[in-house]
Amino acid sequence: MPSLPSLPAPAPDMPHQAFHRGELHAQQRAGMLEKMAAIGPRVIRDFMPDQHRDFFQQLPFLVVGSVDASGQPWASIISGAPGFIQSPDMHSLQVRGLHLAAQDPLAANLHSGAKLGLLGLEPHTRRRNRANGVVQALQQGGLDIAIEQSFGNCPKYIQARKPELQDIAALPAATVTDSAALTPAMTEMIRRADTFFIATALAGDDAEAHGDGHRHGADVSHRGGKPGFVRVDGDRTLTVPDFIGNSFFNTIGNLLVQPRAGLLFADFDSSALLYLAMTAEVIWEGAEVEAFAGAQRLMRFTVQSARLLENALPLRWGEAALSPFLEPTGAWN
């Protein structure tokens, strides 16, 4: 990927630069650089406010972004009885009694010092809060996370469906299908989807060399649309509209610097999870962008590997109500 244009360096007396160079470039391209320079340091904190701490503690699941040894990001879901996440103080989360699907990539990526992206989501109320942290300790069925960043997200594009935790012991044995490309079952699951999760990362020597410092690590985010908003082109390519959001550009900014992503699709009618390792391209303008109502830009993903886990998630979901923000958005021809 070509190098990003240079941006003005932060002022020496600026106490907190909230964004790294990829995010800044995306903000600049969207005409939001000056606005976000004022907003970012106010809303992206190095601690969790009490409202966020209470929110995480009531959830039955948590979406986690991690990075494997090769630098590939992965999105995963851990679950447990409400209260399985605790916040003993504003700088930490403790996870106990978690369930993680067998063969979920997260299992191999958890170690002391691992950078994680965290997304707390309560779909039926359309609330979500984000955090980024570092694994401080691991134990059987749990981990301790030191929080480095915490911020809220708006309710846009979240489909309202209520999750209910099932008896984990009653889950049938998980079955796994690994593939270098999308199988027909995977393709059908994606075409029906109204939601997916995306993990990205800014990691390693490249981040440090450019002064991104504490702003590097894993990130995980939510994407929602009308069923069919993810276009499947053959067995290797997905194209997704990117709608207007909070203008942080965490996901897009990471992809501009390190164009790899981990996508996770959940089948809300069963307990299947689909994990995709992807390379990514951001399409800023052109006929395809203009043809999809509401799209600000597109993300195009190429499959590197795919894993479908059946009987993976001990959650059942109520009927979905689509987000009212999706009403004016379009569809693929």
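This is a predicted model: local features need pLDDT of at least 70, side-chain atom pairs count only at pLDDT 80 or more; totals for chains, interfaces and linings use all residues.
A residue counts as partly exposed when its relative accessible area falls between the buried limit, under 20%, and the exposed limit, over 50%.

Across the whole structure, a search returns eleven aromatic pairs. Begin by selecting Y157 and F325, whose rings pair edge-to-face, with 6.4 Å centre to centre and 70 degrees between the planes. Y157 is found in the loop between β8 (142–153) and β9 (163–165), and F325 in the segment after β18 (315–317); the pair therefore ties together parts 168 residues apart in sequence.

Next, colour these two residues by accessibility. F325 has a relative accessible area of 40%, so F325 is partly exposed. Y157, at 11%, is buried.

Now move to F243 and F292. Their ring centres are 6.1 Å apart and their planes stand at 40 degrees, so this pair is tilted. F243 belongs to the loop between β14 (237–242) and α7 (250–257), whereas F292 belongs to the loop between α8 (287–291) and β17 (297–310); the contact thus ties together parts that are 49 residues apart in sequence. Both F243 and F292 are buried.

Then display Y157, F243, F292, F325 and W332 together: ring pairs link these residues into a cluster.

For the last stop, select R161 and F268. Here the charged end of R161 sits over the ring of F268, at 3.9 Å from the ring centre.

Terms used: Residues are numbered from 1 along each chain as its sequence is written. Side-chain values use heavy atoms; hydrogens and water are left out. Rings of Phe, Tyr and Trp (its six-membered ring) pair if their centres lie within 6.5 Å; planes under 30 degrees apart count as stacked, over 60 as edge-to-face and the rest as tilted. Helices (H or I, at least four residues) and strands (E, at least two) are DSSP runs, numbered from the N terminus. Buried means under 20% relative accessible area, exposed over 50%, partly exposed in between (1.4 Å probe, protein chains only). A charge sits over a ring if NZ of Lys or CZ of Arg is within 6 Å of the ring centre and within 35 degrees of the ring normal.
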